[in-house]
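Here are my notes for a first reading of this model. Please keep the sequence and the structure side by side while working through the points.

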Amino acid sequence: MLKELLLKNRSYRRFYQSETISKETLLDFINLARFAPSAKNSQPLKYYISNSETTNSKIFSTLSWAGYLTDWDGPIEGEQPSAYIVVLLDKNITENNFCDHGFAIQTILLAAVEKGFGGCTIAAFNKTKLSKIINTPENMQELLVIALGKPKETVNIYEISDNESIKYWRDENKIHKVPKRKLIDIVINKN
Ligand SMILES: Cc1cc2nc3c(=O)[nH]c(=O)nc-3n(C[C@H](O)[C@H](O)[C@H](O)COP(=O)(O)O)c2cc1C
């Protein structure tokens, strides 16, 4: 069951934009992220949520999508995310968030997948522009953006050898293909 959820939890970048996600649902996802581990248990993460068309389109304008797909500018109108969660670090709590945000984001993404949604973690965003849009408090710093929605694309993973490309790509039917390294190639003391 966990494996099924993990396999389904791909990075989705095309959505049914009209399929909205309620504020309550977004809060439910974040509530689950509270149970994630936290270095020194300092719990320094804060969140900004958006599910309105106006704020969504402003946040969208700050994001960069799928760097390896050089002939694709990101999702078109109608296929854009219907919600966002911006993950922030509260520097009043700590300046060092270790990898707390990774645990929290995976929790949120898995929760979204379980509810029939999907998302994409985005590190490539215009920080200055995003700060202005969400009015980031002085003591906080944006770490990553989670784009969420009802996925409108198929994403397939396949295994690669160490000498093959790790770049994801799309086939002629717009199926998004994601290479994953083999188990045998990532455990260093397998013998
Ligand atoms: C920390 C992090 C930052 C990422 N930043 C971006 C990004 O800026 N834009 C984007 O389109 N995808 C981004 N991704 C998604 C990755 O490209 C994706 O996880 C990878 O291609 C593997 O695909 P999968 O998630 O379906 O396994 C990011 C993922 C992670 C973990």
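1. A residue is called buried if 20 or more other C-beta atoms lie within 10 Å of its own, exposed if 12 or fewer do, and partly exposed in between, with the C-beta atoms placed from the backbone. What you see is a predicted model, in which local features need pLDDT of at least 70 and side-chain atom pairs count only at pLDDT 80 or more, while totals for chains, interfaces and linings use all residues. Residues are numbered from 1 along each chain as its sequence is written.

2. Helices (H or I, at least four residues) and strands (E, at least two) are DSSP runs, numbered from the N terminus. Helix α4, residues 100-114, has 15 residues and reaches 21 Å from its first C-alpha to its last, which is close to the 21 Å expected at 1.5 Å a residue; the expected span is 1.5 Å times one less than the number of residues. Its buried residues include Ala 104, Ile 105, Ile 108 and Leu 109, and among the elements that cover the buried residues of α4 are α1 (2-8), α2 (23-33) and β1 (45-50). Here two residues are in contact if their C-beta atoms, placed from the backbone, lie within 7 Å. Just after α4, Gly 116 takes a positive phi of about 90°.

3. Which residues other than glycine have a positive phi? Phe 98 has a phi near 45°, and this residue lies in the loop between β2 and α4, where it counts as partly exposed because it has 14 C-beta neighbours inside 10 Å. Asn 135, with a positive phi of about 55°, is found in the loop between α5 (127-134) and β4, and it is exposed because 7 other C-beta atoms lie within 10 Å. Cys 99 also has its place in the loop between β2 and α4, and it is exposed, with 10 other C-beta atoms within 10 Å.

4. Turning to the strands, two of them pair if DSSP finds at least two bridges between them. Strand β2 (residues 83-90) and strand β4 (residues 140-149) pair in the antiparallel sense over eight bridges, and Leu 89 stands opposite Gln 141 in β4. Five bridges join β3 to β4, and these two strands run antiparallel; Gly 118 has Gly 149 in β4 as its bridge partner.

5. An open sheet of three strands has the order β5-β7-β6, with mixed pairing. Because β5 (155-160) and β6 (169-170) stand at the edges, each with a single partner strand, one side of each is left without a neighbour in the sheet. β5 and strand β7 (residues 176-181) run parallel and are joined by six bridges, with Ile 160 opposite Arg 181 in β7.

6. The domain assignment, automatic or from a database, gives domain 1 (2-153) and domain 2 (158-191). The C-alpha centres of domain 1 and domain 2 lie 25 Å apart, and the contact takes four residues from domain 1 and seven residues from domain 2.

7. Of the 14 residues around the ligand, Arg 10, Ser 11, Thr 121, Ala 123 and Ala 124 come nearest, a residue being near if its C-beta atom, placed from the backbone, lies within 6 Å. Strand β3 (residues 118-122) gives the largest share of this shell, three residues.
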